[in-house]
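Colleague: Hi! Could you walk me through this one? I have the sequence and the model open.

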Amino acid sequence: RDRGNSVLVAAMKQQGPRTLRGTGFNLTIGEQAVNVTGAPRTATTVNGSLPAPILHSREGDTVTLRVTNLLRETSSIHWHGSILPSAMDGVPGIANGFNGIKPGATFTYRFPVTQSGIYWYHIHSGFQEQTGLYGPS
C-alpha cells in the first residue's frame, strides 16, 4: 500500500474544499497532479482545489465571478440549477456567442442570486468535468 496515497486521501477528507463567501469571486481553472487511487493523474481544479471551492452568497446579491483559464485548452463553468440570464449560463455555444474561455483569458460571469438553495457548478468543455472541475455553490 502506498503510504503517500493514504496521507493525501486522509488530508482531502479532513480539509474538504475551501468556502469562499461574498459577492465577488476570483476563480482560476488549472491543472494539478493528484493521486487518490494509487495511480498519479492530472486533475482539473479551481484555485488548486479538488473539489472546487464552495461559493457562498445570499439571495438578493448580485455576484461577480472572474474566471481565468490557465489550461492549454478552452474551458468554461456552468452554474447548474441557478436561475440566471442565458448569457451567463456558461455552456459554450448556447447564448450570445459565448464559446468558452480561451487559454490565458478571463471571463466575468455576473448575475443576480434570485433563489436560495444548494447548487453546484461544473465545467462544460471537453472531458474536464471528469477530471475534477466541480464544486458546490
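Modeller: Happy to. One term before we start: two strands pair if DSSP finds at least two bridges between them. Also keep in mind that this is a predicted model.

Colleague: Remind me, what holds strands of a sheet together in general?

Modeller: Strands of a sheet pair through backbone hydrogen bonds, in a parallel or an antiparallel way.

Colleague: Let's look at the hairpin of β2 and β3. How many residues are between the strands?

Modeller: Six residues lie between them, and G38 there takes a positive phi near 95°. N35 is also placed in the loop between β2 and β3.

Colleague: Is N35 buried or exposed?

Modeller: N35 counts as buried because its relative accessibility is 16%, and the cut-off for buried is under 20%.

Colleague: Which backbone nitrogens does the N35 side chain reach?

Modeller: A polar atom of the N35 side chain lies 2.9 Å from the backbone nitrogen of G38. For the backbone nitrogen of A39, the distance to a polar atom of that side chain is 3.2 Å.

Colleague: Changing topic: what about the largest nonpolar core, how many residues does it have?

Modeller: It has 21 residues, and those with the most contacts inside it are L27, L55, L65, I77, W79, Y109 and F111. At least two residues of this core come from each of β2 (24-34), β5 (62-69) and β7 (106-112).

Colleague: Which residues does F111 touch?

Modeller: Leaving out residues up to four places away in sequence, F111 touches D61, T62, V63, L65, W79, L84, P85 and M88.

Colleague: I see several aromatics around there. Which ones are linked into a cluster?

Modeller: Ring pairs link W79, F98, F107, Y109 and F111 into a cluster. The count of aromatic pairs comes to five. One of them is F107 with Y109, an edge-to-face pair at 4.7 Å centre to centre, with 75° between the planes.

Colleague: Why does that pair count as edge-to-face?

Modeller: The planes of F107 and Y109 are 75° apart, and over 60 degrees counts as edge-to-face.

Colleague: Is Y109 buried or exposed?

Modeller: Y109 counts as buried, at 0% relative accessibility. F107 is partly exposed, with a relative accessible area of 23%.

Colleague: Zooming out, how many helices and strands are in the chain?

Modeller: One helix and nine strands. Along the sequence, the pattern reads α-β-β-β-β-β-β-β-β-β.

Colleague: And what share of the residues counts as buried?

Modeller: Of the 137 residues in the protein chain, 35% count as buried. As for contacts with a separation of 6 or more, 68% are between residues 24 or more positions apart.

Colleague: Great, thanks for the tour!

Note on methods: Residues are numbered from 1 along each chain as its sequence is written. This is a predicted model: local features need pLDDT of at least 70, side-chain atom pairs count only at pLDDT 80 or more; totals for chains, interfaces and linings use all residues. Side-chain values use heavy atoms; hydrogens and water are left out. A nonpolar core is a set of buried Ala, Val, Leu, Ile, Met, Phe, Trp, Tyr and Cys residues joined through side-chain atoms within 4.5 Å. Buried means under 20% relative accessible area, exposed over 50%, partly exposed in between (1.4 Å probe, protein chains only). Helices (H or I, at least four residues) and strands (E, at least two) are DSSP runs, numbered from the N terminus. Contact means heavy atoms within 4.5 Å. Rings of Phe, Tyr and Trp (its six-membered ring) pair if their centres lie within 6.5 Å; planes under 30 degrees apart count as stacked, over 60 as edge-to-face and the rest as tilted. A polar contact is a pair of N or O atoms within 3.5 Å; within protein, one must be able to donate a hydrogen and the other to accept it, and residues adjacent in sequence count only if both atoms are side-chain atoms.
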